[in-house]
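Subject: Structure handover

Hello,

My notes on it follow.

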Amino acid sequence: MTPKHGSPKQGGGSGGSTAEEREAMRDRVREAKAGRKGEGSGEGAVLEKITAMPEPDRALALRIHAIIREHAPELTPRLWYGMPAYSREGNVVCFFQGGYKFKARYATLGFSDKARLDEGAMWPTSFALTALTPATEQTIVALVARAAAKAR
């Protein structure tokens with residue numbers, strides 16, 4: 001039997017998008033409107049979004065925010081699809097996606113093509129996070145510093 005339009009198997013009737021994906025798209029529209037008005041982004045908005053996250057995403061996002069602010073202060077905090085992101089000249093370089101956002105079992109630290117983390121013909125652009133250990137933090141520091149330096 002073929003699912004009817006709007007059934008859960010088709011993402012609720014919006015071209016296959018899930019409710020979480022539709023909410024992220026609405027977030028992006030709100031962010032763009034607020035940006036045109038010169039409001040609703042920046043460090044305050046990012047910290048507000050992070051503090052509203054459930055644990056353990058909140059703790060992960062706060063620490064990643066601190067790492068990025070310390071090791072790549074030239075990146076500007078902003079919201080991007082409702083997620084904390086860090087950009088240069090308006091271009092997102094990296095972002096944090098809490099696991100709660102799309103009901104995933106882990107959070108994600110992602111890098112855009114502006115990060116230029118290229119390594120040969122194939123390289124990772126996102127990393128699953130369940131905890132931050134000293135070794136994990138060292139890896140994140142290195143990736144963020146490299147991404148910020150090459151994003152120019």
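T133 counts as partly exposed, because its relative accessibility is 36% and that class covers values between 20% and 50%. Bear in mind that this is a predicted model. T133 sits in the loop between strand 5 and helix 4 (134-150). Its side chain makes a polar contact of 2.8 Å with the side chain of T136.

Another loop residue is R105, between strand 3 and strand 4. R105 has a relative accessible area of 75%, so it is exposed.

Now the overall layout. The protein chain holds 4 helices and 5 strands. Along the sequence they follow the pattern α-α-α-β-β-β-β-β-α. The chain has 152 residues, and 38% of them count as buried. Take the contacts with a separation of 6 or more: 47% of them are between residues 24 or more positions apart.

The 5 strands form an open sheet in the order 1-2-3-4-5, and the pairing is antiparallel. Strand 1 (76-80) and strand 5 (126-129) stand at the edges; each has a single partner strand, so one side of each lacks a neighbour in the sheet. On average, neighbouring strands are turned by 25° against each other, direction ignored.

Going through the pairs:

- Strand 1 and strand 2 (residues 83-88) are antiparallel and share 5 bridges. They form a hairpin with 2 residues between them. In that turn, Y81 has a positive phi of about 55°. W80 stands opposite M83 of strand 2.
- Strand 3 runs antiparallel to strand 4, with 4 bridges joining them. Here F96 is opposite L109 of strand 4.
- Strand 4 and strand 5 are also paired in the antiparallel sense, over 4 bridges. T108 has A128 in strand 5 as its bridge partner.

Is strand 4 enclosed or open? It is largely enclosed by the rest of the structure, because 5 of its 5 residues are buried. In a regular strand, side chains alternate between the two faces of the sheet. Strand 4 is covered on both faces. A107, L109 and F111 are buried on one side, T108 and G110 on the other.

The helices on the sheet

Helix 2 (residues 42-51) lies across strand 1 and strand 2. Its direction is at about 55° to strand 1. Helix 3 also packs on the sheet, touching strand 1, strand 2, strand 3 (91-97), strand 4 (107-111) and strand 5. The direction of helix 3 makes about 150° with that of strand 3.

A check on the geometry of helix 3 (residues 57-71): at 1.5 Å a residue, its 15 residues should span 21 Å. The end C-alpha atoms are 21 Å apart, which agrees.

Which residues of helix 3 are buried? They are D57, L60, A61, I64, H65, I67 and I68. These cover an arc of only 165° around the axis, so they lie on the same side of helix 3. The general rule is that an α-helix has 3.6 residues a turn, so residues three or four places apart point the same way.

Best wishes

Methods
Residues are numbered from 1 along each chain as its sequence is written. This is a predicted model: local features need pLDDT of at least 70, side-chain atom pairs count only at pLDDT 80 or more; totals for chains, interfaces and linings use all residues. Side-chain values use heavy atoms; hydrogens and water are left out. The expected span of a helix is 1.5 Å times one less than its number of residues. Buried means under 20% relative accessible area, exposed over 50%, partly exposed in between (1.4 Å probe, protein chains only). The arc is that of the directions from the helix axis to the C-beta atoms. Two strands pair if DSSP finds at least two bridges between them. Axes are lines fitted to C-alpha atoms, for helices over the stretch in contact, and angles run from 0 to 180 degrees between N-to-C directions. Contact means heavy atoms within 4.5 Å. A polar contact is a pair of N or O atoms within 3.5 Å; within protein, one must be able to donate a hydrogen and the other to accept it, and residues adjacent in sequence count only if both atoms are side-chain atoms.
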